[in-house]
Amino acid sequence: MLDIKQLQNNFDEVAAKLSKRNLDRETLNALRSLALETKESKRRMEECLALQNEKSRLFGQYKKEGKDVESLKAELDKLKAEAAEYEARTKDLELKLNGFALTIPNLPDDSVPLGKDEEENVLIKTVLSPVAFDFEPKDHVELGEKLGWMDFERAAKISKSRFSILKGEGARLERALINFMIDFNGKRGFELCSVPFIVNADTMQGTGQLPKFEEDLFKIENDEDRAFYLIPTAEVPLTNLYFDEILDESALPIKMTAHTPCFRKEAGSAGRDTRGIIRQHQFHKVELVALTKPEASMEMLDEMVSCASDMLTELGLAHRLMALCSGDMGFSATKTIDIEVWIPSQGKYREISSVSNCGDFQARRAKIRYKEGKANKLVHTLNGSSLAVGRTI
């Protein structure tokens, strides 16, 4: 979440950075005005309470000096009513301010290239060369169905489109890749975690999926007061393991990996990759998540990118690293490196991993802190695919 104090104290700097993410100054002005209104209401409330306390101490003096106690009571009643009014107003304004702030994206790091969309992402390097075939490669759908590894028709029958069934060698390949990825990440110091696939709304809000991207989530209807959701990525439960906690400085960095199914409505991708296992409502992914001190987060970003890239190299898959421009980054990221793998049947590179440094953006939402001396500071959080299993297949 955006630091409201930073917005108030360095408005022009914040506005300039967010303009790179196509956010206009009018929106930020409205947020700043709401923050000032909230601050003033809180000041007036505290002023009334302080005056109320001061007047309350005068009862003994009034009685001793024979002054009108009833007039003092009337003053106190008036102050009490004013304080209650300002308290209710402040709570209402704070809710509005928090809700507004939750819709504002993260500030891009100064090293992020300026651009509007994926066409302006910047190539960092390529790793390995695509295999040259003396025939036209078939796509995974044709091969998978011919070999009996994949069944899309029956998956649609028991569920809907954009689901798949892997059978026989296809299912065994999926399991082998998942184990390979987990073991690879373990050798790089990422601890394996097994996490819930269903989380509450606070957890989704902590990593930035709510409230802005609710339409892309699978919500579970139930009889309880709280809403629950199927996770879109293991980043959500892994990061929120430390929701509203203060960690010891010595515990950092925390490096975790997990394999989970991921569930996405793909609400904004109508007509895109409707065939096969490139873009599905349910898919398997192995995730990397790290919590670090602020000064160590960019070094951790490089470490996580190297981990995913080295894994693809060990699998013999040609890929390239791309620095995402300001207009193509995800909502919570301050800097993102995408890894794109070469798909022979498509004759182009496609994203297989996205590794992001979120700075303190998620930590502020999820209240994840660490103690440095006597001070409590926000950690930096990072996440990345390592890897998307279906795309690896």
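Analyst: Ten bridges join strand S9 (residues 254-263) to strand S10 (residues 282-292), and the two run antiparallel. Within this pairing, Thr260 has Lys285 of S10 as its bridge partner. Strands here are DSSP runs of E with at least two residues, helices are runs of H or I with at least four residues, and both are numbered from the N terminus. Two strands count as paired if DSSP finds at least two bridges between them.

This is a predicted model: local features need pLDDT of at least 70, side-chain atom pairs count only at pLDDT 80 or more, and totals for chains, interfaces and linings use all residues. Residues are numbered from 1 along each chain as its sequence is written, and side-chain values use heavy atoms, with hydrogens and water left out.

S9 and S10 belong to an open sheet of eight strands with mixed pairing, in the order S1-S11-S12-S13-S16-S10-S9-S4. Its edges are strand S1 (122-127) and strand S4 (191-192), each of which pairs on one side only.

Helix H8 (residues 169-187) lies across S4, S9, S10 and strand S16 (380-388), and runs at about 5° to S10. Helix H11 (residues 297-314) also packs on the sheet, touching S1, S9, S10, strand S11 (319-323), strand S12 (335-343), strand S13 (348-357) and S16; the direction of H11 makes about 5° with that of S16. Contact means heavy atoms within 4.5 Å. Axes are lines fitted to C-alpha atoms, for helices over the stretch in contact, and angles run from 0 to 180 degrees between N-to-C directions.

The protein as a whole has 13 helices and 16 strands.
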